[in-house]
Amino acid sequence: MVRISEDLIRRRAEHNNGEIFSLEEVSLHQQDIERIEHIDKWCRDLKILYLQNNLIPKIENVGRLKKLEYLNLALNNIEVIENLEGCESLQKLDLTVNFVGKLSSVESLKQNLHLRELYLVGNPCTEFHGYRQYVLACLPQLQWLDGKEIGRGERIQALQELDAVRRLVLEQEADYIEKREEQKRSGLKETTEKQEDPQINQLLSENQNGTHQNPESSSKAHTDAEDKEKEFWEKPCPFTPESRLEAHRHLEDKRRAKEKEREKPKNKTLRTLITADGRVMNVNEPKHMDTSLLDVDVQPTYVRVTVKGKVFQLVLPAEVKPDSSTAQRSQTTGHLLLILPLAHGEIKPKKPTARPTSVTSKQNTKKETRPVPGRELLEVDPGLAGSLANIVPKGKESSHKPLQLSQPHQHCGVEERPVSKDFVDDPEVPPLM
């Protein structure tokens, strides 16, 4: 049973900054409320109150709401219109799809002089002959009934036929009340004599214990439960407050059973962290990292991080010093930083060594060193060193001495110079211009 609490009203009063003493409107619909209480003491200034789609069987504890203008009690289990005389400002009352069968209780609304709209659609009383004429004659202040405006001629005719209509309505009301009492007795008898199927009890017991005898029996019990569920919803029954309450409780039991099934711990296979021969394994299980639940275990050859029973284990490539190790976690990214000093010095990556290359010739030997990576230089194959030495042909080697020219002499106006004896005229060299 859901009770109306101060915390519930405050959560529904977010638009009023959580203040309930000055609250003018509150919505408490679809909360499975079974009783109206405390609202008339905590929220005296209420003008609009939504209580539709609950399990309320009676109108009560609203008489002190003097400023209440609109009360919505649609889709509840109300059977009698009562206890609204103190709502002096009430202008609209919605009782759609309830179980009001005592139509004469509508006369209690005569003192609500400001009442302008009334909704009784979906109630048993609307099936009475003379229903609309009776309500119009009893409540002259009404302007709308079930969403239909009341005309002046319709009201005059209803007042003229009030006595006959009242007798007809009271006779139908008495028949309905007798029928309703029979429904209550039969419903109580069915509830008392109703016993759950033994197979269903067995299935529930197995689910609670987390064991099943065998897959075949479990499957059969599950099928029987589905048949019972189908039978429950397809079985014809009168539309009464009891049947509506039973359906609600049936759904609530199913919801709770599902929640228990989710909360029930499942049989998990144990993780292998270290094999039988002592070999440590890498393990990583999905987890929600929470620093308060974080446990870091540093060993010389491996690291194990445990969060809520989830294990992350990492084998180290070298032996470390557990006593000198530290663990830090970033408050922004959540990254975990482990600093693990090595037990036997620092391991440094090997740097590339220089490879000497040489070029050998008959005249000299020249050693070269491979350049730094990133610079591209031409390298000569050592097998070609012999051929490179003979690039200049023999017999055509020129002297390293400076050239000496002959004395100049006159020829066609151009002074000619004597040719040196050591000069060799090379036909491949073009003449000087």
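This is a predicted model: local features need pLDDT of at least 70, side-chain atom pairs count only at pLDDT 80 or more; totals for chains, interfaces and linings use all residues.

If you now show what surrounds Gln172, leaving aside the neighbours within four places in sequence, you will find Glu127, Phe128 and His129 in contact with it. With His129 still displayed, look for its backbone nitrogen, which lies 2.9 Å from a polar atom of the Gln172 side chain.

Next, select helix H3, residues 131–138, together with helix H4, residues 152–160, whose axes come within 8 Å and cross at roughly 90°. The two helices, H3 and H4, are therefore roughly perpendicular to each other. To see where they meet, display Arg132, Gln133, Leu136 and Ala137 from H3 along with Glu154, Arg155, Ala158 and Leu159 from H4. Coloured by type, the residues of this contact between H3 and H4 divide into four nonpolar, one polar and three charged.

Finally, turn to the open sheet of four strands, which has the order E8-E11-E10-E9 and antiparallel pairing. Its edge strands are E8 (283–284) and E9 (294–298), each of which pairs on one side only. Select E8 with strand E11, residues 310–315, and you can follow their antiparallel pairing over two bridges. Which residue of E11 is the bridge partner of Asn284? Highlight Phe312, for that is the partner of Asn284 in E11.

Technical notes
Residues are numbered from 1 along each chain as its sequence is written. Side-chain values use heavy atoms; hydrogens and water are left out. A polar contact is a pair of N or O atoms within 3.5 Å; within protein, one must be able to donate a hydrogen and the other to accept it, and residues adjacent in sequence count only if both atoms are side-chain atoms. Contact means heavy atoms within 4.5 Å. Two strands pair if DSSP finds at least two bridges between them. Axes are lines fitted to C-alpha atoms, for helices over the stretch in contact, and angles run from 0 to 180 degrees between N-to-C directions. Angles under 35 degrees count as roughly parallel, over 145 as roughly antiparallel, 65 to 115 as roughly perpendicular and the rest as oblique. Ala, Val, Leu, Ile, Met, Phe, Trp, Tyr, Cys and Pro count as nonpolar, Asp, Glu, Lys and Arg as charged, and the others, Gly among them, as polar.
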